[in-house]
Amino acid sequence: DENGHENKRLKRDADEEDAEDQNKKSPKRKIVLLMAYSGKGYHGMQRNVGSSQFKTIEDDLVSALVQSGCIPENHGEDMKKMSFQRCARTDKGVSAAGQIVSLKVRLIDDILEKINNHLPSHIRILGLKRVTGGFNSKNKCDARTYSYMLPTFAFAHKDHDVQEEVYRLDRETLEKVNKLLACYKGTHNFHNFTSQKGPRDPSAKRYIMEMYCGEPFVREGVEFAVIKVKGQSFMMHQIRKMIGLVIAIVKGYAAESIIERSWGEEKVDVPKAPGLGLVLERVHFEKYNRRFGNDGLHEPLEWTEEEEKIAVFKEQYIYPTIINTEREEKSMANWLNTLSIHDFNSSAVGMQANNKNSKNSSDLEGSDGCDDDSD
């Protein structure tokens with residue numbers, strides 16, 4: 001009996017020593033992971049502990065981190081223990097090609113391969129870099145770039161009878177779209193482009209660095225284009241409303257002067273384009289890179305070597321999902337039919353009724369949420 005207990009104790013001690021050795025070999029380090037995912041079928045990026053019926057991207061990520069041995073199981077239950085922080089909080093249905101999360105993990109061998117082995121194919125970890133101990137991916141991020149992919153028939157004038165599959169965007173209309181998108185550049189008061197922010201709320205002021213629509217291209221017989229927007233940070237629904245207003249102007253529902261008017265104090269009825277098509281493209285760490293990128297200890301947070309993997313992922317998982325969902329659910333076509341019920345000339349009067357009417361049809365897929373006040 002005594003021998004049996006002794007043997008068990010020795011075995012337990014040996015197992016504990018092995019575990020300690022393993023932990024010494026792979027101590028915890030602060031890293032960032034470059035993530036790409038298709039957001040369809042998920043209730044956004046951020047984990048909702050206790051709401052397991054709403055599946056999020058982080059649910060699958062944390063599960064893969066635990067199963068691969070990067071983090072202990074209790075870190076999965078309490079994410080603060082691994083100092084976890086996502087850079088941008090993408091909402092329901094929204095995809096990402098360049099999301100960044102920071103966390104402390106054990107740097108095990110073949111870490112990326114092991115994590116990816118436990119993830120579904122539509123979520124991939126494409127890169128990993130070591131960062132400073134106090135790094136926080138949300139606080140250190142100084143800009144975010146989103147893209148919005150849409151069928152170009154969205155820009156066809158309301159008075160023209162348009163067949164969606166044969167519509168092609170002409171040069172003159174594309175130039176008009178880009179002239180309007182360029183109006184957003186700089187710092188403006190975007191209180192009309194989100195909910196629950198008054199015109200005198202300082203946080204409604206946002207800085208947009210660039211916004212433009214690229215050359216159109218044909219997929220599955222339908223012409224699409226991609227709008228890119230880079231800004232310091234965005235409020236909930238801001239990008240979708242910025243695009244929605246430009247579509248309303250180009251289609252002839254609203255005057256160009258409405259953009260300027262929307263930055264004033266009066267309440268302006270700004271339509272919200274569908275969430276389908278919105279993608280977090282990349283996040284920028286320019287200040288961090290200047291300070292630590294060339295200090296000899298840390299790498300700059302740039303992903304030139306991963307660009308090809310990002311492009312392949314988009315072609316394989318993100319674009320086909322947007323195109324197929326658009327063809328099946330016609331979210332853009334259905335939303336365009338609601339533009340006529342908006343009152344682009346009035347201010348606050350009668351807007352609540354319009355918003356009530358258009359709410360169901362305009363919130364089809366998701367929204368852009370990026371920072372603390374995006375909820």
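In α2, the residues Ile57, Glu58, Asp60, Leu61, Val62, Ala64, Leu65 and Ser68 are buried, where buried means under 20% relative accessible area, exposed over 50% and partly exposed in between, with a 1.4 Å probe and protein chains only. Helices (H or I, at least four residues) and strands (E, at least two) are DSSP runs numbered from the N terminus. The cover over the buried residues of α2 includes β1 (28–37), α3 (73–77), β2, β3, α4 (111–117) and β4 (123–130); a contact means heavy atoms within 4.5 Å. Helix α2 itself spans residues 57–68, 12 residues in all, and its first and last C-alpha are 17 Å apart, close to the 16 Å expected at 1.5 Å a residue. That expected span is 1.5 Å times one less than the number of residues. Just after α2, Gly69 has a positive phi of about 90°.

This is a predicted model, in which local features need pLDDT of at least 70 and side-chain atom pairs count only at pLDDT 80 or more, while totals for chains, interfaces and linings use all residues. Residues are numbered from 1 along each chain as its sequence is written, and side-chain values use heavy atoms, with hydrogens and water left out.

The largest nonpolar core has 104 residues, and Tyr184 and Ile247 touch the most other members. Such a core is a set of buried Ala, Val, Leu, Ile, Met, Phe, Trp, Tyr and Cys residues joined through side-chain atoms within 4.5 Å. Helix α6 (residues 238–250) contributes nine residues, the most to this core. The core lies between domain 1 (28–140) and domain 2 (143–284 + 314–342), because both give residues to it; the domain bounds come from an automatic or database domain assignment. Leaving aside residues up to four places away in sequence, Tyr184 touches residues including Phe190, Phe193, Lys241, Leu245 and Trp263.

Two positions carry annotations from unreviewed UniProt entries. UniProt places an "active site" at Asp91, in the loop between β2 (85–86) and β3 (95–106). Asp91 counts as buried because its relative accessibility is 15%. The "binding site" annotation in UniProt covers Tyr146, which is found in strand β5 (residues 143–151). Tyr146 is buried, with a relative accessible area of 0%. UniProt positions follow the numbering used here, feature names are shortened, and annotations may be inferred rather than shown by experiment.

The mean pLDDT, the predictor's confidence in each residue from 0 to 100, is 87 for the protein, and 84% of its residues reach 70 or more. Over residues 348–375 the pLDDT is below 50, and this stretch has 78 contacts in the model beyond near neighbours in sequence.
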